[in-house]
Amino acid sequence: MKISCDCGAFIARLRSFPKNTPGRLVCYCNDCQTYVEKIKRTDILDPYGGSEVIPAYPKEIEILQGLDTLKCYLLSEEGTYRWATSCCNSPILNTKPGFPWAGIFHTAYTNQNPTALSELGKIKSRIYGKYALAGAPFKISEEIAFRDKLVVIPFIIKGKLLRMDKDSPFFCADNATPIVKPEVLR
Ligand SMILES: [Zn+2]
Ligand SMILES: [Zn+2]
């Protein structure tokens, strides 16, 4: 599986996708909405303010081209590193050092292959509904419900046991310093 930015300058390969992914997840939280508002990409949200991501392990990501297009954003000094590209301002994925999780935006999968996610089926979990816009025709957990944890916990446990946070192409050899100096969005 390959993921890319909107214009195709940035391309990465996911080595064993979809073997490990927990599937399609949508987050309606304040931070995820604020982020795309700040980078002016609210067009990637669903009509109720949701960001759809399909996680993969950082270790399974191999950047094939466009490393120099990467930008790294933070909403506060401590927090999730949100990666996008400078070429066409595409959000790509969210990560945290030392955590076996790269939440890759659905658009990064479908930019070059509109049916890339069809084999994953329906959305498995929708969280932080308390921040969602009203009127959604599907159920969104108020925050993170037990059933939402069941969707992602096997992925996280397996990732921790197998150290799938390591060798992330987004962090230096110390597995903590982002390869690009993060910009704090204010
Ligand atoms: Zn691009
Ligand atoms: Zn969120």
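**Notebook: contacts, cores and salt bridges**

I place Asn94 in strand β8; helices (H or I, at least four residues) and strands (E, at least two) are DSSP runs, numbered from the N terminus. Asn94 is buried, with a relative accessible area of 10%. Buried means under 20% relative accessible area, exposed over 50%, and partly exposed in between, with a 1.4 Å probe and protein chains only.

I note the basis of these entries: this is a predicted model, in which local features need pLDDT of at least 70 and side-chain atom pairs count only at pLDDT 80 or more, while totals for chains, interfaces and linings use all residues. Residues are numbered from 1 along each chain as its sequence is written, chains are lettered from A and ligands numbered from 1 in the order in which they are written, and side-chain values use heavy atoms, with hydrogens and water left out.

**Entry: Pro58**

I found Pro58 in the loop between β4 and β5. Pro58 is buried, with a relative accessible area of 3%. Beyond residues up to four places away in sequence, Pro58 touches Phe99, Pro100, Trp101, Ala102, Met164, Asp165, Asp167, Ser168 and Pro169. Pro58 and Asp165 are 107 residues apart in sequence, yet their C-alpha atoms are 5.4 Å apart.

**Entry: zinc site**

I checked the zinc ion (ligand 2) and found Cys27 (SG), Cys29 (SG) and Cys32 (SG) coordinating it at 2.1 to 2.3 Å. Donors are N, O and S atoms within 2.8 Å of the metal (3.2 Å for Na, K and Ca); water is not among the atoms, so sites may look incomplete. The donor residues are spaced C-x1-C-x2-C in sequence. Cys27 and Cys32 are buried.

**Entry: nonpolar cores**

I took a nonpolar core as a set of buried Ala, Val, Leu, Ile, Met, Phe, Trp, Tyr and Cys residues joined through side-chain atoms within 4.5 Å. The largest has 26 residues, of which Ile3, Leu14, Ile61, Leu93, Ile104, Tyr109 and Phe170 touch the most other members. Elements that each supply at least two residues include β2 (11-14), β5 (61-65) and α2 (106-110). Strand β6 gives the most, with three residues. I also listed contacts of Ile61, not counting residues up to four places away in sequence; among them are Leu14, Leu93, Ile104 and Phe170. A second, separate core of 17 residues includes Leu45, Tyr73, Ile156 and Leu185.

**Entry: salt bridges**

My search of the whole structure returned 10 salt bridges, each a side-chain nitrogen of Lys or Arg within 4 Å of a carboxyl oxygen of Asp or Glu. Arg24 pairs with Glu52, the closest N and O atoms being 2.7 Å apart. Arg24 lies in the loop between β2 and β3 (25-27) and Glu52 in strand β4, so this pair ties together parts 28 residues apart in sequence. Both Arg24 and Glu52 are buried. Glu77 forms a salt bridge with Arg186, with closest N and O atoms 3.2 Å apart. Glu77 lies in the loop between β6 and β7 and Arg186 in the segment after β11 (183-184), so the pair ties together parts 109 residues apart in sequence. Glu77 counts as exposed at 55% relative accessibility, and Arg186 counts as exposed at 74%.

Terms used: Contact = heavy atoms within 4.5 Å.
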